[in-house]
Amino acid sequence: MTAAANSAHAEASGLIKRILEETPLKAAGFIVTIYGDVVEPRGGIAWIGNLIETCAGVGISETLVRTAVSRLVAAGQLSGEREGRRSYYRLSESAGSEFAAAAGVLFGAPEDDGWQFVHVTGEAVEDAMQMLKRSGHARINNRLAVGPAHVMATAVPGLVFRADSPHDPKALRDFASQYWDLSAHEEAYKVFLAQFDGLSTLNVPPATALTMRLLLVHRFRTVHLHDPRLPVSALPDNWPGGAARRLFAKLYRHLSTKADAYVAERFVTASGSLPAWTEGTDHRLDMLEGSER
């Protein structure tokens with residue numbers, strides 16, 4: 001390595017170490033990120049040896065990987081296949097659909113389709129309300145919740161009413177602040193920005209590029225998918241979510257050439273190497289192109 005390359009590698013290693021210290025990883029969650037970022041757009045199957053090698057880059061041991069994979073199989077997210085002495089794990093159909101939907105949120109343009117009220121029917125009210133809460137809704141009373149209209153509530157038994165945003169921005173922001181505690185989400189975005197700002201100037205080797213991209217996706221997925229993703233007009237001034245999204249798009253595109261080349265070099269299935277690029281990976285980069293500005 002040149003002196004510049006050594007310096008960039010040392011800086012990247014320090015950045016990775018700091019991120020892991022500030023926001024420790026769980027093996028199952030990081031493996032989900034590997035499948036979502038690397039495996040799902042390339043057919044949904046991977047050799048466990050690749051999972052072990054990739055997780056080692058963030059300090060997750062082989063024992064923890066195997067335990068986490070077993071739990072994901074038991075949960076119905078993965079299914080195992082053997083070819084000779086090697087074990088491969090494939091995304092289940094339901095997990096594949098879930099991962100594709102999450103990718104649409106992470107890589108697609110932010111949606112701002114107004115609001116909806118959901119009146120829950122049936123007996124399992126608490127289960128329905130928890131499901132609505134996880135999808136960004138706020139509870140108004142025992143059976144009524146409100147949330148952004150881009151979130152589909154079809155899985156919840158009830159009546160869905162669409163609502164237009166008021167013309168008074170202050171009234172909308174006051175309404176949002178009454179039903180959503182956005183402070184935790186705001187802080188999470190600020191932590192994300194502090195952790196990854198400056199990475200775009202580093203010229204790191206391919207293996208490190210993949211590790212950094214996986215950490216980028218893992219952290220942004222954790223923050224963004226928990227955010228209720230309210231319409232912009234309901235958010236406080238200087239909301240950091242937009243800056244976080246722009247940084248995510250910029251860094252993901254910056255890291256992808258080397259990261260995807262490393263995937264093609266190292267990741268295999270029983271039928272051969274995973275491709276560096278597919279229609280699915282190209283589509284993700286295309287969706288992010290306009291988000292950097």
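Student: What is the handedness of the crossing of α3 and α4?
Tutor: In this predicted model, α3 and α4 cross in a right-handed manner.

Student: At what angle do α3 and α4 pack, and how far apart are their axes?
Tutor: The angle between α3 and helix α4, which spans residues 62-74, is about 130°, and their axes lie 9 Å apart. The two helices are therefore oblique to each other.

Student: Which residues meet there?
Tutor: From α3, the residues are Ile-48, Leu-51, Ile-52 and Cys-55. They meet Glu-62, Val-65, Arg-66 and Val-69 of α4.

Student: Turning to the sheet, in what order do the three strands stand?
Tutor: The order is β1-β3-β2, in an open sheet with antiparallel pairing. Strands β1 (45-47) and β2 (78-83) each have a single partner strand and stand at the edges, so one side of each has no neighbour in the sheet. On average, neighbouring strands of this sheet are turned by 30° against each other, direction ignored.

Student: How many bridges pair β2 and β3?
Tutor: Six bridges pair β2 with β3, which covers residues 86-91, in the antiparallel sense. Within this pairing, Arg-90 in β3 is the residue opposite Ser-79.

Student: Which strands of the sheet does α3 touch?
Tutor: Helix α3, residues 48-56, packs on the sheet and touches β1 and β3. The direction of α3 makes about 70° with that of β1.

Student: Let us move on to β4. How many bridges does β4 form with β6?
Tutor: Strand β4 (residues 115-120) pairs with strand β6 (residues 144-148) over five bridges, in the antiparallel sense. Opposite Gln-116 stands Gly-147 in β6.

Student: And how many bridges join β4 to β7?
Tutor: Strand β7, residues 158-163, is joined to β4 by six bridges, and the two run antiparallel. Here Val-120 has Gly-158 in β7 opposite.

Student: Now Val-39: buried or exposed?
Tutor: Val-39, which belongs to helix α2 (residues 27-39), is buried, with a relative accessible area of 0%.

Student: What does Val-39 touch, leaving aside residues up to four places away in sequence?
Tutor: With those residues not counted, Val-39 touches Ile-34, Gly-44, Ile-45 and Ala-46.

Student: What separation is there between the C-alpha atoms of Val-39 and Val-125?
Tutor: These C-alpha atoms are separated by 37 Å, and the two residues are 86 residues apart along the chain.

Student: A new topic: how do the axes of α9 and α10 cross?
Tutor: The axes of helix α9 (residues 206-226) and α10 cross at roughly 145° and come within 8 Å. This crossing is left-handed. On the α9 side, the contact includes Pro-206, Leu-210, Leu-216 and Phe-220. On the α10 side, residues in the contact include Arg-245, Phe-248, Leu-251 and Tyr-252.

Student: Which backbone oxygen does the side chain of Arg-245 reach?
Tutor: The side chain of Arg-245 reaches the backbone oxygen of Leu-106, at 2.8 Å.

Definitions and conventions
Residues numbered from 1 in each chain as written. Predicted model: local features only at pLDDT ≥ 70, side-chain atom pairs only at ≥ 80, totals over all residues. Heavy atoms only, no water. Pairing = 2+ DSSP bridges. Helix = DSSP H or I, 4+ residues; strand = E, 2+ residues; numbered from the N terminus. Axes fitted to C-alpha atoms, helices over the stretch in contact; angles between N-to-C directions. Contact = heavy atoms within 4.5 Å. Polar contact = N/O pair within 3.5 Å; in protein donor to acceptor, adjacent residues only side chain to side chain. Parallel < 35°, antiparallel > 145°, perpendicular 65-115°, else oblique. Left-handed = near helix turned anticlockwise from the far one by under 90°. Buried < 20%, exposed > 50% of the residue type's maximum accessible area, 1.4 Å probe, protein only.
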